[in-house]
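Student: Please walk me through this model, one region at a time.

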Amino acid sequence: SWFAWSWMPKFLRRIPDDCRLRDAQNESVSFVQQMLHHGPGSAGGAATKSAARRVLLVSGNLSVDVRIRRQLMLMNAQTEVCASGSAALELATDDQFCCVIAPAVLPDMTAITLIKSMQQAAPGMPVVVVVEETDVADAVRVMQAGAHAVIESLSLGSGLLQYVAPLTRGN
């Protein structure tokens with residue numbers, strides 16, 4: 001046992017520390033999940049976990065979609081993916097979705113067109129727009145059109161927690 005560790009470089013001897021770090025990260029993910037479902041005042045288990053609601057995701061950039069789905073999975077939100085704005089309009093008329101997440105530019109329309117059409121097809125349906133590059137003027141136009149939120153793709157984690165997590169809980 002001593003011989004096996006004696007010849008090994010120091011950075012390789014630290015593997016158990018890295019394993020402990022991974023365990024700490026898993027515990028922090030569990031803590032975030034608990035906070036999302038029970039709220040900040042709960043110590044765990046006392047509050048009743050409500051059923052997760054579904055989120056409609058309009059596909060845009062594949063890498064951004066994967067990150068969004070990963071965040072939604074941490075929130076225990078089910079995700080339905082569609083390929084275009086018109087498909088989102090057809091699906092969103094169903095009451096089972098708590099919000100729509102869409103990129104700023106869709107294959108068949110812009111986010112502003114989607115928001116205005118969504119106001120007709122499913123009044124009150126929150127639309128969260130994800131932008132690749134922040135252009136303040138475009139973000140203002142999207143918000144003025146009635147978007148629930150505009151999230152920059154670089155800050156997806158915090159943006160989804162702030163704007164989408166309350167919707168998935170029904171708040």
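**A loop residue**

Student: Where does Asn76 lie?

Tutor: Asn76 lies in the loop between helix H4 and strand S2 (78–82), where helices (H or I, at least four residues) and strands (E, at least two) are DSSP runs numbered from the N terminus. This is a predicted model, in which local features need pLDDT of at least 70 and side-chain atom pairs count only at pLDDT 80 or more, while totals for chains, interfaces and linings use all residues. Residues are numbered from 1 along each chain as its sequence is written, and side-chain values use heavy atoms, leaving out hydrogens and water.

Student: What about the phi of Asn76, positive or negative?

Tutor: Asn76 is not a glycine, yet its phi is positive, at about 60 degrees. Most residues other than glycine have a negative phi. Asn76 is also partly exposed, with a relative accessible area of 33% (buried is under 20%, exposed over 50%, partly exposed in between, with a 1.4 Å probe and protein chains only).

Student: Switching to H6, which residues of that helix are buried?

Tutor: In H6 (residues 111–121) they are Ala111, Leu114, Ile115 and Met118. Because these residues cover an arc of only 100 degrees around the axis, they sit on the same side of H6; the arc is taken from the directions from the helix axis to the C-beta atoms.

Student: And what covers them?

Tutor: The cover over the buried residues of H6 includes helix H5 (85–92), strand S3 (97–103), strand S4 (127–131) and helix H7 (136–145), with contact meaning heavy atoms within 4.5 Å.
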